[in-house]
Amino acid sequence: MSKKNQILGVLGGGQLGRMLIQSAINYNQDIHILDPDPNAPCRDLCQKFVNGSLRDFDTVYQFGQGCDIITIEIESVNTEALEKLQKEGKQVFPQPEIIRLIQDKREQKQFYQKNGIPTADFILTADQEDVLRNKAFLPAVNKLGKDGYDGRGVQILRDESDLDKAFDAPGLLEKLIDFETEIAVTVARNEKGDLIAYPAVECAFHPTANLVEFLFAPASISPEVAEKAEKIAKEVITKLGMVGILAVELFVTKTGEVLVNEIAPRPHNSGHHTIEANFTSQFEQHLRSVMNWPLGATDLRTPAAMINLLGEDGYIGEAYVEGMEEAVSEKGVYIHLYGKKVTKPFRKMGHVTVLDENVDNLKKRAIAIKNLIKIKA
């Protein structure tokens, strides 16, 4: 580890940055944050907070000047400014060209195709008319090429009656996969080329908000499928040549095939349980990978469930948490609130991790906690 305390700049000051800072504090690691929200969750936790746009060239460039290493907690950033900073000797991880590739789902899918990484069949589409011309490809998922986030920019088109939902912008049609399970594998790689993977987790999505509602670790998959998923995730980060942490979301089909759905080049919702459940949290691993420190052990200490705390439907305003006292009185329940003062329907307000040696018991407890804790206004 470096003798000189290098300043790590993070583009984005949301909950992912907040949990990264919580890990960095243990190492006396200085963190500077840039975020467009003056009340961002990181605001009072970092050594320096800059309020400004992540998409504006000058703002990102000026911010980067005051840092030694720059990373992200959201992909929606100005990559041209990051490329200029990189040329001038700043270290930027994940590398700007990788962020740019991941920003566009069209580029992402073509990358998998070119590199022999298993993924669902797809067709690139220019606009809504183009989707209509390819109606024979249905049932499919219509995804916006750019700016889709947290379930936005994704539409399922099962048959012709759904075609009016198609996006009138560059995107893609992806074959609708009749999958058995949706899993995620997080991998990390440092500049030295050290590479490590976390055990696969199983994701259960909210039926309407298209966000992860529950996560279970380990995933209930066969050792063969687990091994295949880990191999694919490692192949993705290696072929990208990426430094940092990468969440790889995968489909497991009914025939045991494993297909890459999407990737995120940063800590991800599918790794929140690692704070309590694994030897090294995904946030500490992010820090270790971009700072080129040795990577930490990823073994699961105990089975875990993670429940996303989303703002209750029908409530907008100053947030309060219902059922917290009852939840924290239970053994192995850990609550993480993200410092967001205002709640709105389906906004990510926090998460809960539940640890239990008994996997069946864990699932029952996770559902009970989900029904107990409500974020209202």
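Reader: In which hand does α3 cross α4?

Author: This is a predicted model, so the answer is computed from predicted coordinates. Look at helix α3 (residues 79-87) and helix α4 (residues 96-103). Where α3 passes α4, the crossing is left-handed.

Reader: How do α3 and α4 run relative to each other, roughly parallel or roughly antiparallel?

Author: Their axes are 9 Å apart, and the angle between them is about 165 degrees. Angles over 145 degrees count as roughly antiparallel. That makes the answer for α3 and α4 roughly antiparallel.

Reader: Which residues of α4 meet α3?

Author: Start on the α3 side, with Thr79, Glu80, Leu82, Glu83 and Gln86. By class, the contact of α3 with α4 has three nonpolar, three polar and four charged residues. The α4 side consists of Pro96, Glu97, Ile99, Arg100 and Gln103.

Reader: How many aromatic pairs does the structure hold, and how are the rings of Phe57 and Tyr61 arranged?

Author: The structure holds five aromatic pairs. For Phe57 and Tyr61, the ring centres are 6.0 Å apart and the planes are at 15 degrees. Planes under 30 degrees apart count as stacked. So the Phe57 and Tyr61 pair is stacked.

Reader: Where do Phe57 and Tyr61 lie?

Author: They are four residues apart, about one turn of the helix. An α-helix has 3.6 residues a turn, so residues three or four places apart point the same way. Both Phe57 and Tyr61 lie in helix α2 (residues 57-65).

Reader: Is Tyr61 buried or exposed?

Author: Take Phe57 to begin with: at 28% relative accessibility, Phe57 counts as partly exposed. Buried means under 20%. Tyr61 has 14% relative accessibility, so Tyr61 counts as buried.

Reader: How many residues apart are Phe179 and Phe251?

Author: Phe179 and Phe251 form a stacked aromatic pair, 4.8 Å centre to centre with 15 degrees between the planes. Phe179 is in strand β10 (residues 179-189), and Phe251 is in strand β14 (residues 244-253). The pair links distant parts of the chain, and the separation is 72 residues.

Reader: Why is helix α9 largely enclosed by the rest of the structure?

Author: Helix α9 covers residues 282-290. Among its buried residues are Phe283, His286 and Leu287.

Reader: How does helix α1 lie against α9, roughly parallel or roughly perpendicular?

Author: Helix α1 (residues 15-24) and α9 have axes 8 Å apart, at an angle of about 75 degrees. Angles of 65 to 115 degrees count as roughly perpendicular. That makes the answer for α1 and α9 roughly perpendicular.

Reader: Which residues of α9 make the contact with α1?

Author: From α1 come Leu16, Met19, Leu20, Ser23 and Ala24. By class, the contact has six nonpolar, two polar and one charged residues. On the α9 side are Phe283, Glu284, His286 and Leu287.

Reader: How far apart are the C-alpha atoms of Pro345 and Gly314?

Author: Pro345 sits in the loop between β20 (342-343) and β21 (348-355). Residues that Pro345 touches include Asp313, Gly314 and Tyr315. Pro345 and Gly314 are 31 residues apart along the chain, and their C-alpha atoms are separated by 6.3 Å.

Note on methods. Residues numbered from 1 in each chain as written. Predicted model: local features only at pLDDT ≥ 70, side-chain atom pairs only at ≥ 80, totals over all residues. Heavy atoms only, no water. Axes fitted to C-alpha atoms, helices over the stretch in contact; angles between N-to-C directions. Helix = DSSP H or I, 4+ residues; strand = E, 2+ residues; numbered from the N terminus. Parallel < 35°, antiparallel > 145°, perpendicular 65-115°, else oblique. Left-handed = near helix turned anticlockwise from the far one by under 90°. Contact = heavy atoms within 4.5 Å. Nonpolar A, V, L, I, M, F, W, Y, C, P; charged D, E, K, R; others polar. Phe/Tyr/Trp six-rings, centres within 6.5 Å; stacked < 30°, edge-to-face > 60°. Buried < 20%, exposed > 50% of the residue type's maximum accessible area, 1.4 Å probe, protein only.
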